Amino acid sequence: MSAVVSVCGRADVKERSSHQWLLQKYVREQILLAVAVIVKRGSLDKSIDCKSIFHEVSQLISSGNPTVQTLACSILTALLSEFSSSSKTSNIGLSMEFHGNCKRVFQEEDLRQIFMLTVEVLQEFSRRENLNAQMSSVFQRYLALANQVLSWNFLPPNLGRHYIAMFESSQNVLLKPTESWRETLLDSRVMELFFTVHRKIREDSDMAQDSLQCLAQLASLHGPVFPDEGSQVDYLAHFIEGLLNTINGIEIEDSEAVGISSIISNLITVFPRNVLTAIPNELFSSFVNCLTHLTCSFGRSAALEEVLDKDDMVYMEAYDKLLESWLTLVQDDKHFHKGFFTQHAVQVFNSYIQCHLAAPDGTRNLTANGVASREEEEISELQEDDRDQFSDQLASVGMLGRIAAEHCIPLLTSLLEERVTRLHGQLQRHQQQLLASPGSSTIDNKMLDDLYEDIHWLILVTGYLLADDTQGETPLIPPEIMEYSIKHSSEVDINTTLQILGSPGEKASSIPGYNRTDSVIRLLSAILRVSEVESRAIRADLTHLLSPQMGKDIVWFLKRWAKTYLLVDEKLYDQISLPFSTAFGADTEGSQWIIGYLLQKVISNLSVWSSEQDLANDTVQLLVTLVERRERANLVIQCENWWNLAKQFASRSPPLNFLSSPVQRTLMKALVLGGFAHMDTETKQQYWTEVLQPLQQRFLRVINQENFQQMCQQEEVKQEITATLEALCGIAEATQIDNVAILFNFLMDFLTNCIGLMEVYKNTPETVNLIIEVFVEVAHKQICYLGESKAMNLYEACLTLLQVYSKNNLGRQRIDVTAEEEQYQDLLLIMELLTNLLSKEFIDFSDTDEVFRGHEPGQAANRSVSAADVVLYGVNLILPLMSQDLLKSPAGTHTLVTRFVRECYRKKPVLLETTFC
């Protein structure tokens, strides 16, 4: 080692040209990496003693020569790099177990020795007042080295090779050292050193990132290094004191925002809640106040970043982290009494609302100097919708709003009511100007745009406050909202509440006794009033002044609200609010009225906004919500508008025939779900005759024409075929456990004809893809419910489809296999179809499902052909169509094939050998 140091040292101290110096630096680094490998190979059998290496490195550090100190740092960095990760070490022909054992030995003693050497250097440099450029460079390298040590992924004992790879692939590494590190890391002087270092270099953005990362890792300290709970409390209290002393009274630099938020996030998420609450009350209160201040400050800066359209959204990232920390705190009702965080929640909520409202009430689109940024904001068509892009933020703010419901619900109501009144006034003035002097009317577009943007954000926040986004779970009214309504129910006049709910055309304040209404229902009525103003503007031919985005927000909110509140199931709650059960419960006039109102809204939107695909899609999703639960569907079918909508869609009458294909598909899904509501036999037969029979008749009439082969490419014929295929997908998507038998029989009649269409449209890729998609949806939604005979019917239809597809495409060249996925969408759909069929082997409800009892001969256990057989046969058909380049494509086709083979091999090894050999 001495010889290596000597060679590397001479290479550094000799004066050379820039090119020579860079070359020597590269050679030096490679020599040191080689030395690290040698050290590693000799570490287990003790043939090499690292103590002598550290002794020489210590001498290099104490030399005071920056160049030599840099060399010492390079030696330590090379050792760390070689020992740190079993997956990143040099390929020296040894096993994963060997690398893992080396790492365990290294992290017990040698790693700690490296850390102590690094700490000594940082202490020396932190005491110096002024650092020249060369010394600052050395300081930065040792700070980065400390970061590397503290970010070490400590390997637990007795971990197998496969688990080692999984363990080390973790992206978010927390500091969990072994017990041998206790004396080192629990020494308060170490923590104080890193706070001191950061205060010294915080204005240097590069060094600040390393110092903050070191502190973030120290904030995540956990595991056997702590002997007991008391030591955890002492460490946490000391750390919070150091943090508060560092950031209180200073202006946070842009480069510090993410690091500080990571420190706070680690403190809150890593340390047990009983430890967090055991620190002195005054200290904990100061910590929460600091968290509140930083959250509001970062939120304002994040909003400014949006206005300035910055590429690096550091405050947005920091803000998201702090909001997640708040969620962790406020959802813990075991350690914090109710109301503990209410005032803090109010401040964060108010700040969020203020940042998203226009002046004078808010600061949206204002620069740091309070000047409007730009009059018109360019919105890209590819830009993600706010409700999706900021869903995590909105969920956190919504939860904070529930914690402070006493303040936040009335605030949202007031802001919405005031803005909808202003919007109504603006539209009224414009209408009066048009009547008085047609063609000469002018309107302040800036004012309208500000109103629409305000309403947009208020609706989004309200939606996330009142309801959760439940995927696959039963939606429940948030307990905080239920408790808030119950708490004030004795002050509520039910009749006045129902009057305000049922009068969206009237200002709430114009109704006598409006102050005695349920606050949650009044907030809902404020949004219904927004909807009503929009509807009246449409009837007044002012559609050109309306915002499609506001229309989307309205139906999105109504869908989210209806899922949770409409026809509330009282059996799911210990207590139910009387205003809720009276206004939205089963067998109430309120629920019947609001379903009729929502249905009218759907019909109006589909007529007026058919060209706005996103708005139309949100609208039909609301319709699906109204009928996907049988209790709601029973009320929907009692509305005459529902029957009119069904007839209009079945006859392909305008404007519904102008809707985009995805919207028509979802509309058909809704109509089919509605058909399974409670009706007498005659009415149900009439419904299916009006909804499904026209679809079948038109389809057969088109394909059975004698000259269909010649007419098939005519635009009118293709539109009819496309509309039918989209409708079939919608019917399949409507499958539920209690309607699968009826829908499967109906769809099977079409599937045979669809296979014939594959021949007719073999040169029309978009039609071929849509035909395959019909099979994909049927398999996806229905295969798990099918008994043996019905499953065989579907298998046969799918295999026939694949045979026709294979025959038509064998030998066909694909021009550009590296193009976008659309170029080979057909193959991806087929792989998806096979995936859905294969799912029968894992998810099968047919054996116990009463729907198919008596319809299926035999039991599933006695199947002669399984889904795995069918899938392997299908793979065998399509593999010849896949070139080697296509299998390597980014679409992941190779991965899908591998998955099929792996899953099927467990069940059919003999068939697999026959298929691929």
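Modeller: Let us begin with burial: a residue is buried when its relative accessible area is under 20%, exposed when that area is over 50%, and partly exposed in between, with a 1.4 Å probe and protein chains only. This is a predicted model, in which local features need pLDDT of at least 70 and side-chain atom pairs count only at pLDDT 80 or more, while totals for chains, interfaces and linings use all residues. Residues are numbered from 1 along each chain as its sequence is written, and side-chain values use heavy atoms, with hydrogens and water left out.

Biologist: How should I read a salt bridge, and how many salt bridges does a search of the whole structure find?

Modeller: Side chains of opposite charge can pair when their charged atoms come close. The criterion here is a side-chain nitrogen of Lys or Arg within 4 Å of a carboxyl oxygen of Asp or Glu, and the search of the whole structure finds 34 such salt bridges. In one of them, R419 pairs with D361, with 2.7 Å between the closest N and O atoms. R419 lies in helix α19 (residues 405-436) and D361 in the loop between α16 (342-355) and α17 (386-389), so this pair ties together parts that are 58 residues apart in sequence. Helices here are DSSP runs of H or I with at least four residues, numbered from the N terminus.

Biologist: Is R419 buried or exposed, and which residues are linked with it in a network of salt bridges?

Modeller: R419 is buried, at a relative accessible area of 1%, whereas D361 is partly exposed at 39%. The network of salt bridges links D361, R364, E418, R419, R422, K446, D450 and D454.

Biologist: Which residue meets R387 in a salt bridge?

Modeller: The side chain of R387 meets that of D618, at 2.8 Å from N to O. This pair links distant parts of the chain, since R387 is in helix α17 and D618 in helix α27 (residues 613-628), 231 residues apart. R387 counts as buried at 11% relative accessibility, and D618 is buried at 7%.

Biologist: How is the span of a helix such as α6 judged?

Modeller: The expected span is 1.5 Å times one less than the number of residues. Helix α6 (residues 133-150) has 18 residues and reaches 26 Å from its first C-alpha to its last, close to the 26 Å expected. Among its buried residues are M135, F139 and L150.

Conventions: Helix = DSSP H or I, 4+ residues; strand = E, 2+ residues; numbered from the N terminus.
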